[in-house]
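Hi,

Here is the structure I promised to pass on. Have a look, and my notes on helix packing and charged pairs follow below.

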Amino acid sequence: MTVPHASDSAEADVIVVGAGPGGSAAAHHLAAHGANVLLLEKTEFPREKVCGDGLTPRAVKQLIRMGVDITAPGWLQNKGLRVIGGGMRLELDWPDLESFPNYGLTRTRMDFDDILAKRAVAAGAKLVTNTNVQAPILDAAGRVIGVKATGPGKEPVEYRAPIVIAADGVSGRFPLSMGLTKREDRPIGVAVRRYYKSETKHDDDYLESWLELRSKEGGDKLLPGYGWIFGMGDGRVNVGLGVLNSSSAFGKTDYRQMLTDWLDNTPEEWGLREENADGKILGAALPMGFNRVPHYTRGVMLVGDSGGMVNPFNGEGIAYAMESGALAAEIAIQALARGTTPERERALRLYPQELKLRYGGYYRLGGMFVKLIGNPQVMKLATRHGMPHPTLMKFVLKLLANLTDPRGGDAMDKIINGLTRIAPAV
(Lines give C-alpha, C1' and ligand atoms only; values in the text may rest on other atoms or scores of the structure.)
Protein backbone atom coordinates (compact mmCIF):
# COMPACT_ATOMS: atom_id res chain seq x y z
CA MET A 1 0.00 0.00 0.00
CA THR A 2 1.44 3.37 -1.02
CA VAL A 3 1.91 5.82 1.82
CA PRO A 4 2.42 9.38 0.54
CA HIS A 5 4.64 11.87 2.29
CA ALA A 6 3.04 14.94 3.83
CA SER A 7 4.51 17.18 1.14
CA ASP A 8 2.80 15.08 -1.57
CA SER A 9 -0.71 15.54 -0.25
CA ALA A 10 -0.96 18.44 2.18
CA GLU A 11 -4.33 19.58 0.80
CA ALA A 12 -7.50 17.65 0.10
CA ASP A 13 -11.25 18.00 -0.32
CA VAL A 14 -11.85 15.94 2.84
CA ILE A 15 -9.58 14.76 5.63
CA VAL A 16 -10.65 11.57 7.42
CA VAL A 17 -9.06 11.07 10.84
CA GLY A 18 -8.80 7.36 11.66
CA ALA A 19 -8.77 4.34 9.33
CA GLY A 20 -11.05 2.03 11.30
CA PRO A 21 -14.26 0.71 9.69
CA GLY A 22 -16.03 4.09 9.81
CA GLY A 23 -13.10 6.11 8.50
CA SER A 24 -12.23 3.67 5.73
CA ALA A 25 -15.87 3.42 4.66
CA ALA A 26 -16.13 7.22 4.50
CA ALA A 27 -12.85 7.51 2.58
CA HIS A 28 -13.87 4.76 0.15
CA HIS A 29 -17.23 6.30 -0.71
CA LEU A 30 -15.75 9.81 -0.99
CA ALA A 31 -12.97 8.65 -3.30
CA ALA A 32 -15.39 6.56 -5.37
CA HIS A 33 -17.30 9.80 -6.05
CA GLY A 34 -14.14 11.56 -7.19
CA ALA A 35 -13.21 13.49 -4.06
CA ASN A 36 -9.57 14.09 -3.11
CA VAL A 37 -9.43 12.28 0.26
CA LEU A 38 -6.69 12.07 2.86
CA LEU A 39 -7.10 9.15 5.29
CA LEU A 40 -4.86 9.66 8.33
CA GLU A 41 -4.12 6.69 10.61
CA LYS A 42 -2.01 6.88 13.77
CA THR A 43 -0.75 3.26 13.53
CA GLU A 44 0.54 0.91 10.85
CA PHE A 45 -1.48 -1.94 9.33
CA PRO A 46 -2.09 -4.69 10.21
CA ARG A 47 -2.86 -3.81 13.82
CA GLU A 48 -4.83 -5.37 16.64
CA LYS A 49 -8.12 -3.91 17.80
CA VAL A 50 -10.25 -5.02 20.75
CA CYS A 51 -13.52 -6.32 19.31
CA GLY A 52 -15.79 -9.34 19.30
CA ASP A 53 -15.02 -9.81 15.57
CA GLY A 54 -18.66 -10.73 14.89
CA LEU A 55 -20.46 -9.09 11.96
CA THR A 56 -24.25 -9.08 11.71
CA PRO A 57 -26.10 -8.81 8.37
CA ARG A 58 -26.09 -4.99 8.78
CA ALA A 59 -22.28 -4.99 8.60
CA VAL A 60 -22.24 -7.57 5.79
CA LYS A 61 -24.41 -5.27 3.68
CA GLN A 62 -21.85 -2.47 4.05
CA LEU A 63 -18.96 -4.80 3.14
CA ILE A 64 -20.77 -5.80 -0.04
CA ARG A 65 -21.43 -2.13 -0.78
CA MET A 66 -17.68 -1.46 -0.55
CA GLY A 67 -16.89 -4.35 -2.88
CA VAL A 68 -15.08 -6.45 -0.26
CA ASP A 69 -14.55 -10.06 -1.40
CA ILE A 70 -16.24 -11.89 1.46
CA THR A 71 -15.79 -15.24 -0.30
CA ALA A 72 -12.00 -15.03 0.09
CA PRO A 73 -10.18 -17.13 2.72
CA GLY A 74 -10.40 -15.81 6.28
CA TRP A 75 -14.14 -15.07 6.35
CA LEU A 76 -16.39 -17.44 8.30
CA GLN A 77 -20.09 -17.24 7.52
CA ASN A 78 -22.72 -17.81 10.22
CA LYS A 79 -26.46 -18.55 10.08
CA GLY A 80 -27.61 -16.61 13.10
CA LEU A 81 -27.43 -16.30 16.86
CA ARG A 82 -27.39 -19.06 19.44
CA VAL A 83 -28.77 -17.71 22.71
CA ILE A 84 -27.93 -19.43 26.02
CA GLY A 85 -29.70 -18.53 29.24
CA GLY A 86 -32.30 -19.62 31.74
CA GLY A 87 -31.14 -23.20 31.41
CA MET A 88 -32.03 -23.15 27.70
CA ARG A 89 -30.24 -23.02 24.36
CA LEU A 90 -31.99 -21.50 21.36
CA GLU A 91 -30.71 -21.14 17.79
CA LEU A 92 -32.20 -18.17 15.93
CA ASP A 93 -31.45 -17.77 12.23
CA TRP A 94 -30.88 -14.29 10.89
CA PRO A 95 -34.18 -13.02 9.43
CA ASP A 96 -34.86 -13.36 5.71
CA LEU A 97 -35.31 -9.73 4.61
CA GLU A 98 -35.30 -7.63 1.47
CA SER A 99 -33.02 -5.02 3.07
CA PHE A 100 -30.21 -7.21 4.45
CA PRO A 101 -28.49 -10.51 3.62
CA ASN A 102 -29.50 -13.49 5.76
CA TYR A 103 -26.02 -14.33 7.05
CA GLY A 104 -23.34 -12.85 9.25
CA LEU A 105 -19.55 -13.18 9.24
CA THR A 106 -16.54 -13.24 11.52
CA ARG A 107 -13.13 -11.80 10.75
CA THR A 108 -10.32 -10.75 13.06
CA ARG A 109 -9.85 -7.01 13.40
CA MET A 110 -6.13 -7.67 12.91
CA ASP A 111 -6.74 -7.82 9.16
CA PHE A 112 -10.37 -6.62 8.85
CA ASP A 113 -9.41 -2.95 9.18
CA ASP A 114 -6.49 -3.48 6.80
CA ILE A 115 -8.87 -4.91 4.18
CA LEU A 116 -11.18 -1.90 4.45
CA ALA A 117 -8.31 0.60 4.30
CA LYS A 118 -7.07 -1.11 1.13
CA ARG A 119 -10.54 -0.79 -0.39
CA ALA A 120 -10.41 2.95 0.33
CA VAL A 121 -6.98 3.21 -1.32
CA ALA A 122 -8.19 1.18 -4.32
CA ALA A 123 -11.03 3.70 -4.74
CA GLY A 124 -8.49 6.55 -4.82
CA ALA A 125 -8.06 7.67 -1.19
CA LYS A 126 -4.56 8.58 0.00
CA LEU A 127 -3.69 6.71 3.19
CA VAL A 128 -1.04 8.22 5.47
CA THR A 129 -0.10 5.92 8.37
CA ASN A 130 1.92 6.51 11.56
CA THR A 131 0.42 9.99 11.68
CA ASN A 132 -1.08 11.15 14.96
CA VAL A 133 -3.67 13.93 14.55
CA GLN A 134 -3.61 16.21 17.57
CA ALA A 135 -5.67 19.34 16.97
CA PRO A 136 -7.71 21.26 14.42
CA ILE A 137 -6.55 24.22 12.37
CA LEU A 138 -9.12 27.01 12.70
CA ASP A 139 -9.90 29.98 10.51
CA ALA A 140 -10.73 33.44 11.92
CA ALA A 141 -14.38 32.45 12.40
CA GLY A 142 -13.44 29.34 14.39
CA ARG A 143 -14.26 26.89 11.61
CA VAL A 144 -12.00 23.86 11.10
CA ILE A 145 -10.00 24.08 7.88
CA GLY A 146 -7.44 21.35 8.54
CA VAL A 147 -5.54 19.37 11.16
CA LYS A 148 -2.23 19.50 12.99
CA ALA A 149 -0.44 16.17 13.41
CA THR A 150 2.90 14.49 14.03
CA GLY A 151 4.23 12.35 11.23
CA PRO A 152 6.07 9.00 11.26
CA GLY A 153 9.29 10.68 12.40
CA LYS A 154 7.46 12.73 15.06
CA GLU A 155 7.83 15.79 12.86
CA PRO A 156 4.98 18.32 12.95
CA VAL A 157 2.80 18.27 9.83
CA GLU A 158 -0.33 20.10 8.75
CA TYR A 159 -3.06 19.02 6.36
CA ARG A 160 -5.82 21.25 5.07
CA ALA A 161 -9.33 20.56 3.81
CA PRO A 162 -12.71 22.32 4.00
CA ILE A 163 -14.31 19.23 5.60
CA VAL A 164 -12.89 16.93 8.31
CA ILE A 165 -14.43 13.59 9.27
CA ALA A 166 -13.47 12.44 12.77
CA ALA A 167 -13.44 8.64 12.91
CA ASP A 168 -10.83 8.25 15.63
CA GLY A 169 -12.74 5.76 17.76
CA VAL A 170 -13.85 5.68 21.36
CA SER A 171 -11.03 7.94 22.54
CA GLY A 172 -12.33 10.69 20.27
CA ARG A 173 -9.17 12.75 20.66
CA PHE A 174 -9.99 15.01 17.74
CA PRO A 175 -13.53 15.93 18.89
CA LEU A 176 -12.16 16.30 22.43
CA SER A 177 -9.64 18.83 21.13
CA MET A 178 -12.67 20.81 19.92
CA GLY A 179 -14.37 20.63 23.31
CA LEU A 180 -16.83 17.87 22.36
CA THR A 181 -16.99 15.68 25.47
CA LYS A 182 -19.00 12.54 26.19
CA ARG A 183 -22.50 12.79 27.57
CA GLU A 184 -22.79 11.10 30.94
CA ASP A 185 -26.54 10.51 30.52
CA ARG A 186 -26.06 8.03 27.67
CA PRO A 187 -25.30 4.32 28.07
CA ILE A 188 -21.76 3.04 27.89
CA GLY A 189 -20.34 -0.43 28.28
CA VAL A 190 -16.99 -2.05 28.84
CA ALA A 191 -15.93 -5.29 27.19
CA VAL A 192 -12.97 -7.65 27.48
CA ARG A 193 -12.02 -10.37 25.04
CA ARG A 194 -9.43 -13.04 24.40
CA TYR A 195 -8.66 -15.61 21.70
CA TYR A 196 -8.54 -19.31 22.55
CA LYS A 197 -7.60 -22.32 20.47
CA SER A 198 -10.64 -24.58 20.25
CA GLU A 199 -11.08 -27.56 17.92
CA THR A 200 -14.76 -27.95 18.80
CA LYS A 201 -15.94 -24.32 18.58
CA HIS A 202 -13.72 -22.55 16.03
CA ASP A 203 -15.90 -23.30 12.99
CA ASP A 204 -19.30 -22.81 14.65
CA ASP A 205 -21.91 -21.60 12.18
CA TYR A 206 -23.77 -19.59 14.83
CA LEU A 207 -22.61 -16.61 16.86
CA GLU A 208 -23.09 -17.63 20.48
CA SER A 209 -24.53 -15.17 23.02
CA TRP A 210 -24.69 -15.95 26.75
CA LEU A 211 -27.36 -14.06 28.69
CA GLU A 212 -26.21 -15.57 31.98
CA LEU A 213 -22.61 -16.05 33.10
CA ARG A 214 -21.90 -18.41 35.95
CA SER A 215 -18.80 -19.20 37.97
CA LYS A 216 -17.97 -22.40 39.87
CA GLU A 217 -16.91 -20.17 42.74
CA GLY A 218 -19.57 -19.81 45.39
CA GLY A 219 -21.68 -22.69 44.12
CA ASP A 220 -22.61 -21.77 40.56
CA LYS A 221 -22.52 -18.04 41.27
CA LEU A 222 -24.29 -15.72 38.79
CA LEU A 223 -21.91 -13.11 37.36
CA PRO A 224 -22.90 -9.68 36.00
CA GLY A 225 -22.98 -8.91 32.29
CA TYR A 226 -23.33 -10.95 29.11
CA GLY A 227 -20.86 -13.06 27.15
CA TRP A 228 -20.06 -14.28 23.65
CA ILE A 229 -18.19 -17.08 21.91
CA PHE A 230 -17.57 -16.46 18.21
CA GLY A 231 -15.81 -19.02 16.02
CA MET A 232 -13.11 -17.52 13.80
CA GLY A 233 -12.67 -20.50 11.47
CA ASP A 234 -8.88 -20.56 11.95
CA GLY A 235 -8.68 -22.89 14.95
CA ARG A 236 -9.54 -20.10 17.37
CA VAL A 237 -12.57 -18.52 19.00
CA ASN A 238 -13.07 -14.94 20.14
CA VAL A 239 -14.48 -15.08 23.66
CA GLY A 240 -15.51 -12.08 25.68
CA LEU A 241 -17.95 -10.42 28.03
CA GLY A 242 -19.49 -7.01 28.45
CA VAL A 243 -20.94 -5.04 31.36
CA LEU A 244 -23.17 -1.97 30.97
CA ASN A 245 -23.05 1.14 33.13
CA SER A 246 -26.58 0.41 34.32
CA SER A 247 -25.16 -2.56 36.25
CA SER A 248 -24.08 -2.09 39.86
CA ALA A 249 -20.92 -4.03 38.93
CA PHE A 250 -19.83 -1.44 36.35
CA GLY A 251 -16.42 -0.02 37.21
CA LYS A 252 -16.19 -2.10 40.40
CA THR A 253 -15.29 -5.49 38.96
CA ASP A 254 -12.13 -7.22 37.77
CA TYR A 255 -13.49 -8.01 34.30
CA ARG A 256 -10.48 -10.08 33.29
CA GLN A 257 -10.89 -12.32 36.34
CA MET A 258 -14.60 -12.52 35.66
CA LEU A 259 -13.90 -13.77 32.13
CA THR A 260 -11.70 -16.61 33.33
CA ASP A 261 -14.16 -17.46 36.14
CA TRP A 262 -16.93 -17.88 33.56
CA LEU A 263 -14.79 -19.86 31.11
CA ASP A 264 -13.64 -22.24 33.84
CA ASN A 265 -17.31 -23.22 34.11
CA THR A 266 -17.65 -24.08 30.40
CA PRO A 267 -17.20 -27.67 29.13
CA GLU A 268 -13.61 -28.89 29.28
CA GLU A 269 -13.72 -30.16 25.68
CA TRP A 270 -14.25 -26.63 24.37
CA GLY A 271 -10.70 -25.84 25.43
CA LEU A 272 -11.41 -22.39 26.88
CA ARG A 273 -8.65 -22.66 29.46
CA GLU A 274 -5.43 -20.80 30.17
CA GLU A 275 -3.22 -23.33 28.38
CA ASN A 276 -5.13 -22.74 25.12
CA ALA A 277 -5.12 -18.95 25.32
CA ASP A 278 -3.77 -17.09 22.29
CA GLY A 279 -2.77 -13.64 23.53
CA LYS A 280 -3.75 -11.46 26.44
CA ILE A 281 -7.15 -10.43 27.73
CA LEU A 282 -7.74 -6.95 26.31
CA GLY A 283 -10.52 -4.48 27.05
CA ALA A 284 -12.26 -1.50 25.49
CA ALA A 285 -15.15 0.87 26.13
CA LEU A 286 -18.39 0.74 24.12
CA PRO A 287 -19.75 4.29 23.56
CA MET A 288 -23.48 3.92 22.96
CA GLY A 289 -26.60 5.82 21.97
CA PHE A 290 -25.00 9.01 20.58
CA ASN A 291 -22.96 9.72 23.70
CA ARG A 292 -21.00 12.47 21.94
CA VAL A 293 -22.82 15.27 20.12
CA PRO A 294 -23.21 17.34 18.03
CA HIS A 295 -22.33 15.05 15.15
CA TYR A 296 -21.58 18.04 12.96
CA THR A 297 -20.08 21.35 13.99
CA ARG A 298 -17.74 23.91 12.42
CA GLY A 299 -16.67 21.77 9.47
CA VAL A 300 -16.27 18.48 11.40
CA MET A 301 -18.46 15.36 11.10
CA LEU A 302 -18.27 12.59 13.74
CA VAL A 303 -18.46 8.98 12.55
CA GLY A 304 -18.83 5.67 14.40
CA ASP A 305 -17.43 5.33 17.93
CA SER A 306 -16.17 8.90 17.82
CA GLY A 307 -19.83 9.94 17.84
CA GLY A 308 -20.94 7.23 20.30
CA MET A 309 -22.85 5.19 17.73
CA VAL A 310 -22.63 1.68 19.24
CA ASN A 311 -26.03 -0.03 19.35
CA PRO A 312 -27.20 -0.05 23.02
CA PHE A 313 -29.22 -3.22 22.42
CA ASN A 314 -26.37 -5.52 21.39
CA GLY A 315 -23.04 -3.67 21.59
CA GLU A 316 -22.56 -3.72 17.82
CA GLY A 317 -20.39 -0.91 16.53
CA ILE A 318 -18.90 -1.87 13.16
CA ALA A 319 -22.14 -1.72 11.16
CA TYR A 320 -23.02 1.73 12.52
CA ALA A 321 -19.49 3.01 11.97
CA MET A 322 -19.61 1.92 8.33
CA GLU A 323 -23.16 3.20 7.82
CA SER A 324 -22.39 6.60 9.33
CA GLY A 325 -19.16 6.75 7.31
CA ALA A 326 -21.10 6.15 4.10
CA LEU A 327 -23.70 8.76 5.09
CA ALA A 328 -21.01 11.32 5.99
CA ALA A 329 -19.38 10.74 2.59
CA GLU A 330 -22.66 11.18 0.75
CA ILE A 331 -23.42 14.47 2.50
CA ALA A 332 -19.84 15.74 2.17
CA ILE A 333 -19.98 15.13 -1.60
CA GLN A 334 -23.18 17.16 -1.81
CA ALA A 335 -21.62 19.93 0.29
CA LEU A 336 -18.48 20.09 -1.86
CA ALA A 337 -20.66 20.71 -4.90
CA ARG A 338 -22.09 23.89 -3.34
CA GLY A 339 -20.64 27.19 -4.54
CA THR A 340 -20.36 29.17 -1.30
CA THR A 341 -19.48 28.48 2.33
CA PRO A 342 -23.02 29.22 3.63
CA GLU A 343 -24.49 26.82 1.06
CA ARG A 344 -21.93 24.19 2.04
CA GLU A 345 -22.78 24.63 5.72
CA ARG A 346 -26.47 24.18 4.96
CA ALA A 347 -25.72 20.85 3.28
CA LEU A 348 -23.46 19.64 6.11
CA ARG A 349 -26.07 20.41 8.76
CA LEU A 350 -28.20 17.67 7.22
CA TYR A 351 -25.82 15.03 8.66
CA PRO A 352 -26.91 15.12 12.34
CA GLN A 353 -30.54 15.43 11.26
CA GLU A 354 -30.27 12.31 9.13
CA LEU A 355 -28.48 10.38 11.90
CA LYS A 356 -31.24 11.30 14.33
CA LEU A 357 -33.88 10.25 11.82
CA ARG A 358 -32.21 6.87 11.22
CA TYR A 359 -31.16 5.93 14.74
CA GLY A 360 -32.53 8.44 17.25
CA GLY A 361 -35.76 6.67 18.21
CA TYR A 362 -34.11 3.25 18.12
CA TYR A 363 -31.28 4.40 20.39
CA ARG A 364 -33.81 5.91 22.78
CA LEU A 365 -35.45 2.50 23.09
CA GLY A 366 -31.98 1.01 23.53
CA GLY A 367 -31.27 3.36 26.42
CA MET A 368 -34.42 2.15 28.18
CA PHE A 369 -33.43 -1.44 27.49
CA VAL A 370 -29.99 -0.87 29.05
CA LYS A 371 -31.56 0.50 32.24
CA LEU A 372 -33.90 -2.49 32.50
CA ILE A 373 -31.33 -5.24 32.00
CA GLY A 374 -28.93 -3.55 34.42
CA ASN A 375 -31.19 -4.99 37.12
CA PRO A 376 -30.20 -8.69 37.52
CA GLN A 377 -33.71 -9.65 38.62
CA VAL A 378 -35.27 -8.13 35.51
CA MET A 379 -32.72 -9.91 33.32
CA LYS A 380 -33.37 -13.20 35.12
CA LEU A 381 -37.14 -12.88 34.68
CA ALA A 382 -36.81 -11.88 31.03
CA THR A 383 -34.52 -14.83 30.32
CA ARG A 384 -36.62 -17.35 32.20
CA HIS A 385 -39.95 -16.31 30.65
CA GLY A 386 -38.74 -15.26 27.20
CA MET A 387 -36.43 -18.12 26.22
CA PRO A 388 -39.17 -20.82 26.11
CA HIS A 389 -41.02 -18.87 23.38
CA PRO A 390 -39.19 -19.07 20.01
CA THR A 391 -41.54 -16.60 18.27
CA LEU A 392 -40.93 -14.01 20.96
CA MET A 393 -37.19 -14.61 20.74
CA LYS A 394 -37.27 -14.11 16.95
CA PHE A 395 -38.87 -10.74 17.61
CA VAL A 396 -36.19 -9.97 20.21
CA LEU A 397 -33.44 -10.92 17.71
CA LYS A 398 -34.87 -8.53 15.11
CA LEU A 399 -35.14 -5.76 17.70
CA LEU A 400 -31.70 -6.24 19.23
CA ALA A 401 -29.90 -6.57 15.88
CA ASN A 402 -31.96 -3.78 14.25
CA LEU A 403 -32.88 -6.02 11.34
CA THR A 404 -36.22 -5.11 9.76
CA ASP A 405 -37.52 -4.13 6.36
CA PRO A 406 -38.39 -0.42 6.60
CA ARG A 407 -41.29 -0.72 4.15
CA GLY A 408 -43.66 -3.63 4.23
CA GLY A 409 -42.14 -6.50 6.15
CA ASP A 410 -43.94 -8.81 8.52
CA ALA A 411 -45.90 -7.99 11.68
CA MET A 412 -42.72 -7.98 13.77
CA ASP A 413 -41.10 -5.45 11.43
CA LYS A 414 -44.14 -3.19 11.62
CA ILE A 415 -44.17 -3.26 15.44
CA ILE A 416 -40.42 -2.53 15.73
CA ASN A 417 -40.51 0.19 13.08
CA GLY A 418 -43.55 1.73 14.75
CA LEU A 419 -41.87 1.76 18.14
CA THR A 420 -38.76 3.47 16.80
CA ARG A 421 -40.87 6.10 15.04
CA ILE A 422 -42.89 7.06 18.09
CA ALA A 423 -39.93 6.98 20.52
CA PRO A 424 -38.51 10.50 21.04
CA ALA A 425 -35.11 10.70 19.37
CA VAL A 426 -32.03 10.97 21.56
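First, how the helix geometry is set up: axes are lines fitted to C-alpha atoms, for helices over the stretch in contact, and angles run from 0 to 180 degrees between N-to-C directions. Helices are DSSP runs (H or I, at least four residues), numbered from the N terminus. Bear in mind that this is a predicted model, where local features need pLDDT of at least 70 and side-chain atom pairs count only at pLDDT 80 or more, while totals for chains, interfaces and linings use all residues. Residues are numbered from 1 along each chain as its sequence is written, and side-chain values use heavy atoms, with hydrogens and water left out.

Now the helices. The axes of α7 (residues 318-336) and α9 come within 9 Å, crossing at roughly 155 degrees. The two are therefore roughly antiparallel (angles over 145 degrees; under 35 counts as roughly parallel, 65 to 115 as roughly perpendicular and the rest as oblique). On the α7 side, the contact (heavy atoms within 4.5 Å) is made by Y320, E323, S324, L327, A328 and I331. From α9 come L350, Y351, E354, L355, R358, Y359, Y362 and Y363. By class, that contact has 10 nonpolar residues, one polar and three charged (Ala, Val, Leu, Ile, Met, Phe, Trp, Tyr, Cys and Pro count as nonpolar, Asp, Glu, Lys and Arg as charged, and the others, Gly among them, as polar).

Helix α9 (residues 350-373) also has α8 (residues 341-348) beside it, with axes that come within 5 Å and cross at roughly 10 degrees. That makes α8 roughly parallel to α9. Here R346, A347 and L348 of α8 meet L350, Y351 and P352 of α9, which gives five nonpolar residues, no polar ones and one charged.

On to the charges. There are 24 salt bridges in the structure (a side-chain nitrogen of Lys or Arg within 4 Å of a carboxyl oxygen of Asp or Glu). R47 pairs with E41 at 3.5 Å, N to O, and both residues are buried (under 20% relative accessible area; exposed is over 50%, partly exposed in between, with a 1.4 Å probe and protein chains only).

R236 and D234 have their closest N and O atoms 2.9 Å apart; R236 is buried at 18%, whereas D234 is partly exposed at 42%. R214 meets E212 at 3.8 Å, and there R214 is partly exposed at 26% while E212 is buried at 15%.

Finally, R82, E91, K201, D204 and E208 are linked in a network of salt bridges.

Cheers
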